[in-house]
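Hi,

Here is the structure I said I would pass on to you.

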Amino acid sequence: MGRFSGRTAIVTGAAGGIGEEYAKALAAEGAKVVVADVNDEQGARVAQEIAAAGGEAVYQHTDVSDPASANACAERAVAEFGSLDLLVNNAAIFGGMKLDFLITVPWDYYEKFMSVNLNGQLLMVRACWEKMAAVGGGAIVNQSSTAAWLYSGFYGLAKVGVNGLTQQLATELGGSNIRVNAIAPGPIDTEANRTTTPQSIVQDMVDKLPLKRMGRPEDLVGMLLFLLSDEASWITGQIFNVDGGQIIRS
Ligand SMILES: NC(=O)c1ccc[n+]([C@@H]2O[C@H](COP(=O)([O-])OP(=O)(O)OC[C@H]3O[C@@H](n4cnc5c(N)ncnc54)[C@H](O)[C@@H]3O)[C@@H](O)[C@H]2O)c1
């Protein structure tokens, strides 16, 4: 019996990196997990690895920017596991993203980026909330970033939006006993980060951290599990930095 026995969680962007860590941590605590991603091969691998470790998981191809796909994901959770209680909105265009400026990024790329990184979180909540309300409530964690507080162009702008979405949705969904919080990680050592963020920028960030190392996906897990658990039952609309102290300017 784990902390989330009898509960069903959707984790988006769970085919690798931080989302994979989140999905495996929830499954290890007894949750039944829907691994939702556009990367079918890696998503199926994560679900299989959870099952091999004795947990329960299915993979569902999910494009969070597509309302029909988001709805199908929520339907799959209930069809497979009988209820939907928890949503982790982690998916984003991050690994391999275009590095450009707000004033020059091609408009169709910008629109696609926002449709995934910001609107995708809202679409998943729209797809899930009534199913959570039907079982008496639930909890949602949105993945933000300390990029929301730093210069980081359209990537950070989407995360500012995520922070606002978290606060607005907490207000709209509180009456249905659904809590909505966000985690804002500092620099986390994932393959996506290694291949996307120039090393000089990462090194500069780490040098300025009070805790002088990159974060690891497992550094975020404690906060995720806490926010999804009943221990956090009177916490909603908050953005929690898990960032080695990056919020302190030096
Ligand atoms: N790594 C970091 O330093 C860091 C720091 C702060 C916040 N974050 C955030 O954490 C999350 C995960 O980051 P990561 O480092 O693991 O990166 P990642 O690129 O490995 O993870 C993103 C996942 O989202 C999936 N995805 C992309 N588009 C999708 C779509 N339309 N529908 C569904 N899934 C889609 C990708 O396939 C991938 O599995 C992201 O939201 C990112 O912005 C990362």
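**Two helices side by side**

Helix α3 (residues 67-81) packs against helix α5 (residues 119-134) at an angle of about 30°, and their axes are 8 Å apart. Those axes are lines fitted to C-alpha atoms, for helices over the stretch in contact, and angles run from 0 to 180 degrees between N-to-C directions. Helices (H or I, at least four residues) and strands (E, at least two) are DSSP runs, numbered from the N terminus.

Before going on, two quick notes. Residues are numbered from 1 along each chain as its sequence is written. Also, this is a predicted model: local features need pLDDT of at least 70, side-chain atom pairs count only at pLDDT 80 or more, and totals for chains, interfaces and linings use all residues.

Back to the helices: which residues of α3 meet α5? They are P67, A70, N71, C73, A74 and V78, and on the α5 side they meet L123, M124, A127, C128 and K131. (Two residues are in contact if their C-beta atoms, placed from the backbone, lie within 7 Å.)

**The strands**

Strand β4 (residues 86-89) has L86 and V88 pointing one way and L87 and N89 the other way, and all are buried. Buried means that 20 or more other C-beta atoms lie within 10 Å of a residue's own; with 12 or fewer it is exposed, and in between it is partly exposed, with C-beta atoms placed from the backbone.

β4 runs parallel to strand β1 (residues 8-12), joined by three bridges, and A9 stands opposite L86. β4 also runs parallel to strand β5 (residues 138-143), this time with four bridges, and there V88 has V141 as its bridge partner. Strands pair if DSSP finds at least two bridges between them.

**The core**

The largest nonpolar core holds 68 residues, and those with the most contacts inside it are I10, V11, A23, V33 and V35. Such a core is a set of buried Ala, Val, Leu, Ile, Met, Phe, Trp, Tyr and Cys residues joined through C-beta atoms within 7 Å.

**One more residue**

Not counting residues up to four places away in sequence, N119 touches S65 and M114.

Cheers
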